[in-house]
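Reader: Please take a close look at one part for me: the place where the two chains meet. Keep it brisk.

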Amino acid sequence: MADATRRIPPLRTVVTGVASDAHTWNLLYLQLLLQELGHQVTNLGACVPEDLLAEHCLAERPDLVVVGTVNGHGVRDGLRLIAALRARRELARLPVVIGGRLTTDGRTTPAQVRRLLDAGFAAVFDGDAEITEFCLFVSALAMRHAAVP
Amino acid sequence: MTRMTMATAVSFGARVAEAHRAGVLVVQPRMGFADPARMRAGLLATRDADAETVGTLTVDSYTRLGDLAAARRALENGEPLNGYPIATHGPATTRAVLADLVDQGFPVQVRHGSPAPGAIIDAMLEAGLTATEGGPVSYCLPYGRTPLAEAVEHWRRAADRLAALQDQGAEPHLETFGGCMLGQLCPPGLLVALSVLEGMFFAQRGLRSVSLSYAQQTCPAQDLEAVAALRRLAAEELPGIDWHVVVYTYMGLYPRTPRGASAVLAEAARLAVRGGAARLIVKTEAEGSRIPTIAENVAALEAAARAARRATPGAEPEDTGLYEEARRLVDAVRELADDVGTALVRAFRRHILDVPYCLHPDNPRRSAAAIGADGRLHWTAVGGMPIKPDPAARVEPLTASSLLHALSYMRRVYDGIDVS
């Protein structure tokens, strides 16, 4: 019984937009969602340069980075962002996910998703419908963290 | 006197004022394409639409943020951009895009969203364009993280450069985006105050032709009161200036059904005509899911013009205190400094202004708002602003689901699926 009621420790998460994307409602939504799932959130807001994100992650060492973008430049900016993070040895294993609306025509191709995953994203959530998948991903990550002694 | 090339460009403000006097609403798209040929085709289609139109050249987001290298790379690699990279194509290309348009009396406005518009202003002036929009607060706080004090400095220079053209026979026009902050969930009193304050900022820099924006929100009666308050404040604060009000069709989550989308657009056109606005920025049915085509833009322009022709001007708005709220905010900001730009920076630092749900580092982030059961926007927290929260509004902490509910309010109402 004790195990069943034991709280899963909160993840320390960072919510961020990509460098060229000024939209913020999506970021506010992700912040509230993560907080309701019980996690801590630092919301860096819109138009975050890759270096600022990397510096923040080096200083704060979060458990998860959530990239939200809807302006259609998400694939290109996402590749730049993940390259900047993976270029820092200390951040090589930091889980980073991306989601929203990633292309100007509203359709992300399987090849584009593959490129993002190959570049180092742990998951790609394309479109509104994948919010449940995102929540499942976060919960699974939190459980894995809790299982690590 | 030698007339400079600028003098050949048609005056945006005079053209809109002329249509307004004739009782015709000017409608305008939010169009921008990376490819010059397509951009030109879009402007020609706008001009030829069955409506009183002005053209739009919307700049891509790399150029807006000053990342001209990224805009150039995308052009060279043939990758799609979400607008026209005006500082990358060069003046000759842009002049070719505009040939027989601006110089033949069809005004084109450059729309961008840049807190540091120097390169965009350079490029538009080189191409012979003199109408644009923006503002030190409205193009800074909602769009990124440029410090507000820097944006004020950039916009001082931009306004000064435009104002200097007045000595060369041109009549440049600058529109404030202040009435559109974040597009949604900002109570109208603050939108009206910011629109007027930015208009005053432009006038203080010497500009003689400005427009004041207001974005359609969730309640037609509240919007009508807001547009009336905006016109009253503008008349009081901008003496001797040529000004008009521009209404933006709802900028938040748009209905998904064609019927819902056209109903929101028609409501915006009605608001513009009944409220005495001179110009309307339209939205297309495709807007919610992707960047719309030229044909979709033309269809929206013509639908808005039809709705405007059916509406009657001169509606008497109710008075729920919206003008007084905006007036209090304007007065409190003006007390902080003679220079409007300096006053705006101090106002955010001292929490006199506080835009709800704006994540910018210089925004106090202590205010909050909600859509009431009556469909109106209400303050639920005002932070340090010299106004009162609405006692009738239920104060409930925002959750992910209540945020989505509020953001999708117009979609639900106009798609006819509101079950609340």
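Author: The contact (heavy atoms within 4.5 Å) takes 33 residues from chain B and 30 residues from chain A. This is a predicted model: local features need pLDDT of at least 70, side-chain atom pairs count only at pLDDT 80 or more, and totals for chains, interfaces and linings use all residues. Residues are numbered from 1 along each chain as its sequence is written, chains are lettered from A and ligands numbered from 1 in the order in which they are written, and side-chain values use heavy atoms, with hydrogens and water left out.

About 2,400 Å² is buried between chain B and chain A. That is accessible area (1.4 Å probe) lost on putting the two parts together, summed over both. Carbon and sulfur atoms give 56% of the buried area. On the chain B side, B:Tyr62, B:Arg145 and B:Leu359 lose the most area to chain A, together 26% of what that side buries.

Now the charges. The rule finds two salt bridges across the interface of chain B and chain A. A salt bridge puts a side-chain nitrogen of Lys or Arg within 4 Å of a carboxyl oxygen of Asp or Glu. One salt bridge joins the side chains of A:Arg76 and B:Glu79, at 2.7 Å, N to O.

Next, the elements. Helices here are DSSP runs (H or I, at least four residues), numbered from the N terminus. Helix 3 (61–64), helix 4 (68–76) and helix 15 (400–407) of chain B each give two or more residues to the side that touches chain A. Helix 15 of chain B gives the most, with four residues.
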